[in-house]
Amino acid sequence: MSIIELKDLSKIYGFGDATTVALEEVSLSIQENEFVAFMGPSASGKSTLMNIIGLLDRPTYGNYVLNKRIVDRIRSTRRAKIRRDTIGFVFQSFNLLPRLTVLENVALPLAYKGVSLKRRNKIAENMLERVGMADKKYFYSNQLSSGQTQCVSIARALVNSPKIIIADEPTGNLDSVSSRLVMELFTEINRTGSTILLVTHNPEITKYASRVIYMHDGSIVLDEESKVGEVSTHAKKMVRKSTKKTFEDDLKGVSTLMDAIPQKNNNTKKYSPKKKSKKTTRKKKNYVKRKK
Ligand SMILES: Nc1ncnc2c1ncn2[C@@H]1O[C@H](COP(=O)(O)OP(=O)(O)OP(=O)(O)O)[C@@H](O)[C@H]1O
Ligand SMILES: [Mg+2]
């Protein structure tokens with residue numbers, strides 16, 4: 001069953017000569033309990049897409065059906081309620097409140113919902129238990145490592161039992177050991193039924209996902225099934241070819257990605273769980289040139 005259904009979704013920022021087309025007619029269908037990784041160069045529209053899916057922002061055009069409800073044109077108060085009950089967010093920058101303890105931070109979304117103090121502390125403690133952070137409940141965020149802080153953020157995202165977790169570069173500020181811990185946590189959450197949408201720049205992270213979507217210039221350029229436990233086919237090519245050391249190398253990494261995936265507007269590959277995706281040889285030759 002489809003939990004997220006986007007049809008021809010566009011997002012345009014600004015007006016007049018200063019417009020940015022952040023998303024261009026994106027259509028996408030995500031089934032319940034999928035674990036989807038989103039990759040793509042900087043400014044390709046990943047966060048914009050997550051913000052719209054997460055009801056933090058509205059599309060300029062297009063339709064969005066979330067959990068069988070049309071949500072692209074509904075009132076802000078209604079959107080906020082649906083967001084609170086359906087979606088949990090995890091960001092790269094953790095976003096914990098420094099003056100609150102770990103327990104208070106995790107319990108905070110329940111306070112907004114009007115849950116009693118005793119009950120919300122109990123639920124928050126359960127969530128901290130689940131992410132292995134129960135013994136840190138009276139700590140403040142400046143007393144935790146970044147990996148621990150992210151685990152607390154995940155506990156907070158889970159506290160309303162959301163059907164969908166949106167994680168925008170959740171391992172971006174973590175070392176490899178903490179990243180693994182956090183990704184194993186997402187895997188475990190996915191096992192218990194949550195749908196996970198996760199943005200990453202790290203090809204290695206795709207091995208936790210069952211589907212990988214590549215974006216470029218506001219469009220989905222590739223949508224492929226990915227075997228859990230293995231780095232996705234196209235992400236693997238990026239790891240092999242790119243060495244991100246300097247700005248120039250970074251650009252090379254981007255063009256390597258474009259080499260590895262089909263060109264936008266030509267053969268955008270749609271997700272098909274039964275078929276294996278094939279490599280196409282089209283190249284995006286002028287991407288680096290345009291970026292300069
Ligand atoms: N609030 C905004 N106002 C104007 N333009 C915006 C705004 N948010 C994003 N954009 C533009 O939309 C485009 C897509 O941005 P977005 O943040 O979605 O990219 P991204 O793929 O998440 O990039 P990164 O990997 O660097 O996080 C960019 O050109 C960006 O400058
Ligand atoms: Mg982003």
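Predicted model: local features only at pLDDT ≥ 70, side-chain atom pairs only at ≥ 80, totals over all residues.
How much of E6 is covered? Four of the five residues of E6 are buried, which leaves the strand mostly covered. Helix H5, made of residues 146–158, lies across E6 and E7. The direction of H5 is at about 165° to that of E6.

## The sheet

E6 and E7 belong to an open sheet of six strands. Their order is E6-E7-E8-E3-E9-E10, and the pairing is mixed. The edges are held by E6 and by strand E10 (219–225); each has a single partner strand, so one side of each has no neighbour in the sheet. From one strand to the next, the twist averages 15°.

In a regular strand, side chains alternate between the two faces of the sheet.

## Helix H2

Helix H2 spans residues 76–86. Which of its residues are buried? They are Arg79, Ile82 and Thr86. A residue counts as buried here when its relative accessible area is under 20%.

The face turned away from the buried side of H2 carries the exposed residues Ser76 and Thr77.

What covers the buried residues of H2? The cover includes four strands: E4 (61–66), E5 (69–70), E6 (87–91) and E7 (164–168).

## Surroundings of ligand 1

Ligand 1 is surrounded by 13 residues. The closest are Ser42, Ala43, Lys46, Thr48 and His201.

For alanine 43, a backbone N or O atom is 2.8 Å from an oxygen atom of ligand 1. For lysine 46, the atom is a polar one in the side chain, and it lies 2.7 Å from an oxygen atom of ligand 1. Serine 47 also takes part through its side chain: an N or O atom there is 2.8 Å from an oxygen atom of ligand 1.

Technical notes: Residues numbered from 1 in each chain as written. Chains lettered and ligands numbered in written order. Heavy atoms only, no water. Buried < 20%, exposed > 50% of the residue type's maximum accessible area, 1.4 Å probe, protein only. Helix = DSSP H or I, 4+ residues; strand = E, 2+ residues; numbered from the N terminus. Contact = heavy atoms within 4.5 Å. Pairing = 2+ DSSP bridges. Axes fitted to C-alpha atoms, helices over the stretch in contact; angles between N-to-C directions. Near = heavy atom within 4 Å. Polar contact = N/O pair within 3.5 Å; in protein donor to acceptor, adjacent residues only side chain to side chain.
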